[in-house]
Structure formats: C-alpha cells, structure tokens
Amino acid sequence: MASQGIGARLRRKEDDRFLNGRGQYIADLRFPRMRDVAFVRSPVAHARLTGIKIPDQVRAQVFIASDLTGVTAIRAVSPLPGFQISEQPPLATGKLRHVGELIAMCLADTRAEAEDIAAQVTVEYEELPAVVDMLKAQEPGAALVHDHFKRNVFLETGFDGPIEAAARNAPVKVTRELRTARQVMSPIECRGFIALWDSRLEQLILHGATQFPHVVRTGLSQVLQLPELQIRVISSDVGGGFGYKAIVAGEEICLSWLAMRCGYPVRWLEDRREQLTANANCREHHYAITAYADENGKLLAFDARAAVDSGAYSAYPFTSAIEPSQVSAILPGPYEIPAYRCKTAAVVTNKCPQLPYRGVARPNVCYAMELMIDAIARQIGKEPHEVRLANLVRADQMPFNNITDKHFDSGDYPQLLRTAVEEIGLAKVRARQMRGESDGRLIGLGMSVFSEQTAHGTTADGKRRALYEQVFARITPDGRLDVRAGIQSIGQGLETTLAQIASECIGIDTGKIQVKLGDTELSPYSSGAWGSRGIVWAGGATARACKELASRVAAIGAAMLQTDVKSVQVRDGGVFGPHGSVTLADIARAFYLAPSDLPGDIDPHGLEVTGGYAPSRLTGVHTGSAHATVVAVDTETGGVEILDYVVVEDAGVLINPMIVDGQIHGGTAQGIGAALFEEMPFDAQGQPLASTLADYLLPGSAEMPDVRVFHMETPSPYTEFGQKGVGEGGAIGPGAAVANAVNDALQSLGVEICEIPITPRRILTAIAKAKRAA
Amino acid sequence: MKPVAFDYERAASLSDAASLLARTGGFVKLLAGGQSLGPMLNLRLAQPDLLIDITSIPELTAIIDGGDHLEIGACVTHSDIEDGRVPDHFGGLLRQVAGRIAYRPVRNRGTVGGSLAHADPAADWISALSLIGADAVLWSQRGVRTVAVENLVVSSFTTALAADELIRGVRIPKLSPAARWGFFKFSQKAGEFAHTIGGVLHDPARGVFRAVLGAIETAPIVLADARPLFGGSAFDSGIANRIDREAIARLLDGKNVTDDYIRSLAPVALKRAAIQASAS
C-alpha cells in the first residue's frame, strides 16, 4: 500500500460527493409540513422602539419579543477586566441598535408569503443620532448605543510597556494613521437553519450551517433554558464559514423557540442581503502608530493606538473583546521589538456585530505593521526586505518569547522572507521599474511577513484552560474504521486529513475509513472549527484514538497469531507477526462475531476508543509566512493588476500538501479581496450601502493571479506530528503585500495610501491630492 | 428576498402583448431576459401586478437585413451577438461590446431590448448603440415609430417609451469596410458595471465621426459630430493626442456630473477609445 498517511497528496475523499452534486446543505433538506420564516428587521441604525403594529388577520403568524416566553437575551461576556456587557435580545425590545436588527418573526408556507406578512408589520420608532464612526463614538457627548454604558466602549485593553527612553534618542521616527474597511465574510452558502421538535425523545433538532454544532447546542441551552440532552444540532455540509458561522444569533433562537411550540419544522434561509447588511460584519480597524528606529531600520520602539469597530452587540461566543485583545498582543508580529506600547478599544457603534473573520485580527495588524516597515524603509532609503531582516526573530533564537510573551515554537522567518524575495525576483523587478512600461503603467513590488499563532486553546494567552479535543474511532465488525469528530468541516478537507492520520496510525487504507462530522448526537464535544486548530487538535485526538486502537488490534492479532504482542506490527491493513499475518477484517470478525476463537483474557474495552488531545503548550504553535507580489498600477484609471504573487509558508509538517496549497490559494483570494475590493460603506445615518454583490465586490477568478506557493516544513515540538495550523494564513498577508506594492508603484508620484481596500477611486483621489500639493 | 405575488402571462404575438399591456388596474412590467428585472423583483424594488413575458413573440427575435442596416429583435441576447449568430456588419464593434457585458450566464439570457428599456446609465448597449447611431423601433397598437437610441434614453433608468409601447427591435447601420472604431470600458473587476465608457467611431465612407461618453450616472453624452472633443480636428491617426479636456468638462457640466472620479475617468476613456480607433 502506497502511503496514504502523513504527507500524502491524497485527493479529497469528500470531493466525490461535492463534485457530483450530492453535497447536502441546509437548503437541500426537505421535511414534511416544513414552513418558512422571514424576519422584520430594523430599517434604522438607532432608535427608540415605540410600537409594532400587526394586522389582526396575520397576528397569529407574527412573533415579537413579548411573545418569546422563556427566552433570555444573548450575553457574550469576556472575562477580561473592565468588559462592558451588552444584552442582545433575540427580537428587539426598547431600542433598535443597528440596521437589520431582528424585530419580528413571520411564519408562512413559503418564504415569499412570509415576506408578504412581514411587509404588513409596521414598526414605530423615534430615531436617535446614529453612532457610525468609531473615533467619534469615543468622544465625550457621543450618543450612547447602550444606555447603561458610560462610553461607547466594550473594552479597553493593551500593552503598556515603557517606550519613552527607547524613543527619546531614536534617529528615525515614522508616524502613520491607517484604516482597514469594514468587510463582510462571504461564504457561498449563507447562514440557515431548520428547527423541529422530536416529540418521542422530547428533543429539539436544529439543522444548521455552523462551524461548531456543540457550541451552538451549549448556547441554545443557555438562552432557551433547555437541558443540552434535549437539543441535537446537526450540521451536514457547510458551504464555507470563515468565522461567519461561528456565532449563535437571534434567528436560530427564534426558530428553536417556535419549533418547540408549533408542531412542524420551521426554516429560515438567510438571503444575500441579510448576509451583507444585517447579521455580522468584520475587520474594521483604525490605527495611529509611531515607530522609532535607528538609521539601519532596526526598531527601537513602537507606539500604537488601535480601535476596532465592534458594532452594537458582543457576538456569542467569541465576544467583542477578541479582536482588540489580540491586536495589542500580536501587533509586534514576527519582529523583535525592544520597547512597545499599544492601547486598543473595542468601540460600540450602531452597526451589526463584528465577528472574527479568517485570520481574526491578524490581517489587520499585519497590514498596520508591514505598512510601517515599508514607510521606515522609504524614509531611510533601504529596500523593504532589508529593514525586515534587521528586525525578524531568527531561527537560532527559537523557541522565542517576544515582548508580549508570545511563545514562538519554531521556524525561520528570515529564510521565509529571503525565499519570497528571491522567488519574486526583486532585482529583475527593480530593473523593470527603471525601464518603465510601454503602456505607461507603474510597477510596484510589495511584501509582508507575519507570524500566526494557530491552534491555541480557548484563549490566545493560554492562561485559562483550553477545551480538550476528543475523537471517537471504532473498527467495525467487517474491519473498516468509523471515525467521529466533533469539529466541523467548513471546507478544510477534514474527512481526508483525519483519515490520513488514522491511516498513519493503524495502517488502514483511507478508502476503508469514514470520517463523520457535524452532529452533536454522534460525536464527542468539540469547540469546533476556528483558530486554525483542526489539524493540530482534532488531528492529535484522531492519532491518540487510533494509536490506542492499534495497540488493541495488535493484542488481538498477536493472540490470533499465537505470538507475543511485542513481536507484531500493525500495518498495511492487518497485524504482521514473525510467521504470518491476520487482516483487520479477521481481527474484527473474531472480536465481534467469533469471540470464542479468542483467548479469555482479551481486553474487553474492545475496538472502540475515544481519544483526547491537547498540544503540549496551550498557547499553540506559530505558523510563519512571507508574501511578495508585483502589481501594475494604471494611474489614469486607478486600476491595479496583480502580475505575480508568491507565498512562502511554514506550517510545520504538512499532513496533505495539496490541501494546504488549496487553503493558501483560497485565503490569498480573500486577502486580495481585502486589499483591493471589499468594503461595506455606511452613510451618516448608519445605513449599510452595499446590499447586493453588485455593490460589495468580491474578487472573482478573473482577478486572481496564479499564486505560486512554496513550503518550508519546520516541525513544531509541541504537536503530535509537528504539524501547525494553516487554514487562515493565506488571508493574512495580501492586504499588506498588495498595499505595499501599490505604494511602491506610486512612490514616484509622492503618493502613499494608508487605507484598504485600494480602489480605483482611492488611487485617483490620492494622485490628484498629491498633484495639488506638489 | 422573494418577489411579491404577480400574474404571469406569456405573450404569443405583438397584439397579444398590446392587449395585456392595456389591461387596467395595476402595474405591468415586460419580462425579456430578466437579468435586471429578476433581482429587482427579488429585492421587491419592483412589485408588479402583471409580468408579460415577451420572449416568444416571433418579431422580437427576428434578424432582418435592411440593406444599409440590420434590424435585430429586442429579445436577441448578448450572447447571440457575441457568438456571431447575429451577422457582423459592424467591424466587430458589437461583438466586442457584447462579449464584455457582465458574465456569460447573464449574456445568455440578457437581451438588447431589455437593456435599453432598463436604461441603467452604466450599461453597455445604451452607449454602444448610441455610438453606432442605431434607432430603436418602438411598437404599439397606435403604430410603429423609430427613435434614435441616444434619444430613447432620457436619464438614469428613464426612457421615452410610452406606457403602451414596447421596443420591437433596433435598426443598426452597417459600417463600411473603411470604418474604424474604439470602445473602452473600465470596471474594477470582470463583469462589473462600467465605471466609465468611451467610444469613438469614424466611418469616412458614410461621413460619420461620432463619439460617446458613458457611465456618467445619467444618459450618455453622444456627439454626432465628434470633432469638438478633439479640438475641432477631423479623425486621423494622431487623434488621441488632441483630446480637449475642457470641452469634455463642459459637456459633463451640462449633464450635472459633479463626481470628480467620473469626471477624471471620462477623458481617459475617450482617449483610450481614440487610440483603439486610430490604431486599427
């Protein structure tokens, strides 16, 4: 048997289903007597709700907050000191705090009829001043989104290192203000749920597109005040998540409440407008940074103030503290910074809640840090990679604790960067820039290098105990392997990579393994798919379960071969002794169906195991990556074409390099979206302005360069096989690399753009401004 | 979002469509390719009582060679033109334009007449057919009239169509072999509506030198005599270097175009169209 284990470029087992149209998403499910729900949502950003008028003839089909008996508000509370707690009612009461907030649930045979009913509901309100800008929101006198807050701030946090002494005599000082736009996580499949009540088991069954079925069950149990035993959450195939499906929100709570009472299945399918404008956005950050350096660009001190627009409510379970607390901890990135200060605020605004999108705060901090590095390089007249090399943590320093106590387990950041610079062809690009283009476009080269803490415990600082991960594995009576994991696949290929790990441990052909995911009734508890944790945690737990299974298989096999267990090997679908072998099917048949063939002292624990795992450091592992790109900027239209794109990635030992490449390609596409296309603008009244995909631009295949991916494989000392998390990484680097490339291209015009996305309008505006200033 | 309930009728003939259009008591919309109307229905921006599907009316998919012009039915699709099922008497101009509209699935269903009737200022046909000097053939039970495409589009999403009229087709003048044209459209991503459109057409055999500036948030600026855009100059190989930015600025002033982005793109679009026209 050719290896199908660690490192095999195995084709994805799940793709046969997906590519042949047998995937099963929420909208594919059909239940007898199922009815549809549509929601009445707030048309305004901030108002006092004074009344809801419902015509008598539809009153029985409309549900408002006062109908929702026994349901509590959503409270997503960070344990960090000073965190202000928002109460998010599943249906609005008292105040409306963002456009799209749920007000009423309307029920009908079809979605169209439910929308007809929704159109008959009149919402009465007194408008209040909308809090839209996260800087103005913090000023004294700003209207309060939550009346019981002192200020529009969920949390202020930071790292308060002394910087004055280091900054005082620094010969180089660079100050910038940087912004990243509010974005929308855009899986192809929007959110969606079907709720029904099993009257025999007295159990609520919720089918939902989610990244973490077990967490949804826990959240629902709290809000509905229903024991977890009475809730089953099933998530079959999920059409992309990216963080958008890592939430427990009002829609599924309302549906569950309704299903417990109405006697038939009820369904809500989010439409694209709801996804864009109503439920959750991401990534809106503001930075004011001063960096201090010596003449060679060696950083002496770094002083930052950051704000995250957290929207109106703290989303469950990750809370509105997650991004600001990560910003101050990870802004130093892969650099050795001797003096550092960062203050961050999670700001409350009249926008829908903010969720952590692929990479969480890292795409933003990487953007901020890497633009600062390029600004320093320009100021001192050095190549950007030289300034980076002067500051990167080196391989000989590993393991390394940085200034914010981030523990880098392994890796070679300078080598990642040098490889990226070599593969992008720095010297050739500089020569081409000198020659100029026949079409008049300007060429620019940009890069970014970053460190990504992956697979950490429930808190990134590792101080609070993490959730362990468990995986169940069982050899069936016909000798196949049934693996069940509580983590969910949202496209990462876990049905394949977990099977590869199982195959590595038991030597069974992956074709004989089935990995089942996404059902709280069938799998051990898991906190789900987030934080690039799957391959480390669920992969580790799969290995633990399967290694234990392998030892039990070995014992039975040795008994059948009448030899000592120490003399047998479990491999190639069986147990091999000095003078013969038995197959897994033989062993399973003997154990389950012909136990009398076995000696009496066989371990009665049998051929099923739940294995548990946590990496040996709960702060996780650090994946490293460098991105480099060449762009051509049309200074007349503001158009940007990406001519070349290189990613060098070190995610430790790769379980399936082909799947990793796919992850990087997809993440890079989303990062290019952040760099050039994606933006959810709001008007002064807090109205979201991009309500269709004609307005909210996502990069398409025509906009994607042929991304060239290179790997280093530095094993992590802390994980089962030396693997590190990699699912999010591709999305982190492009914002910085592309922005630096555009600024490199426009340098001769005196233009530097400190805001993404870099749209044609922003480029032309900046060029016009530079011309006026000149 | 799902549409409001509406009646749906498929008209078998022009007179059939006319009697449906005349049906009183409600808001009636014609459905051709549905590529703009469909999303508007789903978003409930359009809430018609009656939708009349006109795609199976034979006259609306007919292609008639009129000697010096080609008349194509209103329900001819963009891909019919892109793929050459409509004879190319236009030196490739219409095929280039058609092939760059939105995405292929949109081009498979979207129609020329539907695009004109919808009159999105950033759409391609209102600019391209104005550039070439096409006439829209409007039909009602009162009779047939022709209106130049540049006069059909009054402003953003507004046309000169009467309530009982439909676009039967478009009469497009054939270009002579000596004709030269350029058509430039800038979008940030493939398939997106245009940020700017510029077009130049020179057909000396027919005494034509026309230009268009489109995607300006209102009806395009169409010049039947393009010389004022080029400092009064006639068409020649150096025409792209003689663009009169102030003349363009005045035309944009006349249309109340105040957005600096659009104003800065317009001369670029015209220049690039002129380069294409003069290079060929």
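A polar contact here is a pair of N or O atoms within 3.5 Å; within protein, one must be able to donate a hydrogen and the other to accept it, and residues adjacent in sequence count only if both atoms are side-chain atoms. By that rule, chain B and chain A share 12 residue pairs in polar contact, both partners at pLDDT 80 or more. Keep in mind that this is a predicted model: local features need pLDDT of at least 70, side-chain atom pairs count only at pLDDT 80 or more, and totals for chains, interfaces and linings use all residues. Residues are numbered from 1 along each chain as its sequence is written, chains are lettered from A and ligands numbered from 1 in the order in which they are written, and side-chain values use heavy atoms, with hydrogens and water left out.

Let's stay with the interface. Six salt bridges (a side-chain nitrogen of Lys or Arg within 4 Å of a carboxyl oxygen of Asp or Glu) are counted between chain B and chain A. One of them pairs E636(A) with K271(B), whose closest N and O atoms sit 2.7 Å apart. On the chain B side, the elements that give two or more residues are β11 (180–186) and α10 (260–279); helices (H or I, at least four residues) and strands (E, at least two) are DSSP runs, numbered from the N terminus. The largest share, six residues, comes from α10(B).

In all, the contact (heavy atoms within 4.5 Å) takes 19 residues from chain B and 25 from chain A. The two chains bury about 1900 Å² between them, 54% of it on carbon and sulfur atoms; that is the accessible area (1.4 Å probe) that two parts lose on being put together, summed over both. In chain B, M1(B), Q188(B) and K189(B) lose the most area to chain A, together 32% of what that side buries.

Now over to chain A and its helix α4, which has 12 residues (213–224). Of these 12 residues, 11 are buried, meaning under 20% relative accessible area, where exposed is over 50% and partly exposed in between (1.4 Å probe, protein chains only). The cover includes β10 (203–208), β11 (231–234) and α5 (250–262) of chain A. Just after α4(A), Q225(A) takes a positive phi of about 55 degrees.

E202(A), in the loop between β9 (192–198) and β10 of chain A, has a positive phi of about 50 degrees although it is not a glycine. Finally, a cis peptide bond joins M398(A) and P399(A), with omega about -10 degrees.

How values were computed: The expected span of a helix is 1.5 Å times one less than its number of residues.
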